[in-house]
Amino acid sequence: MRFAREAWPFVLPFVILATLLLWLGHNLWAVLSMILAVLLLLFFRDPVRRFSGAAEAVLAPADGRVLKIDTITEPEMEDRRYQRIITFLSVFNVHTQTVPVSSEVVSSRLTAGAKRAAFRGDIDSVNERHLTVLRTAGGELFGVRQMVGLVARRIVCYLQPGMKVERGAPLGLIKFGSRVDLLLPEGYRIQVSPGDTVRSGLTVMALPPTQADAAEDAAKGAEAPR
């Protein structure tokens, strides 16, 4: 299992404390301290995943549960309309995020704000958030908005404008409970529904129209009586 480098400032103090407590003979407290260290380390787990499906598929940028799917106008993305898939991350989910499509980073900007519960529907313009805008080779814009929640305290994004990134590459992480919005062009066919559990770098969130039509035709063909 791989872990995000941001884990160590949180984990190491508990390891040091456990070692000190063990040396002083406080075995129970040492064990409790080590348990806390392990729990914190698990929070920062960063699993290596490989997707072998269609090259055109838009993959989930985050682990969690699909909370809502709607359409919005995004001023930071040329003021166009985009489909939005909101994913809620509990404290038990993997909290590293990945790039949903192979692309070039157009912009990467943090907006300061509050830290209200991530499952509320009115936090879009209130909570602290970081929007990364990606442009594919075909010129289409996608966005990944990392958003803090009630427990989350900080957003980390590894990407900078001008970087070329592959689908599934590390994008960043949010510390301790949060929400991630995926913004994609209106023409794309969404493949998930509210309530679905998704996994970053593995779950197909959407397909371009031609790919989606081909998949539907194949499914119909497989179901047709012979």
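1. On a 1 Å grid over the protein atoms alone, a pocket is an open set of points where a 1.4 Å probe fits, with protein on both sides within 12 Å along at least five of seven lines; lining residues have an atom within 4 Å of a point. A volume is the space filled by probe spheres set on the points. The second largest pocket has a volume of about 210 Å³.

2. The model is predicted: local features need pLDDT of at least 70, side-chain atom pairs count only at pLDDT 80 or more, and totals for chains, interfaces and linings use all residues. Residues are numbered from 1 along each chain as its sequence is written.

3. Lining the second largest pocket are 15 residues, with A55, E56, V101, S102 and T136 nearest its centre.

4. The largest pocket has a volume of about 280 Å³. Its lining has 21 residues, and P47, R49, T98, G168 and A169 are the closest to the centre. At least two lining residues come from each of β4 (96-98) and β10 (170-175); strands here are DSSP runs of E, at least two residues long, numbered from the N terminus.

5. Three strands form an open sheet in the order β1-β14-β12, with antiparallel pairing; two strands pair if DSSP finds at least two bridges between them. β1 (58-59) and β12 (189-190) are at the edges with a single partner strand each, so one side of each has no neighbour in the sheet.

6. Two antiparallel bridges join β12 to β14 (residues 204-207). I190 has A206 in β14 as its bridge partner.

Terms used: Side-chain values use heavy atoms; hydrogens and water are left out. Helices (H or I, at least four residues) and strands (E, at least two) are DSSP runs, numbered from the N terminus.
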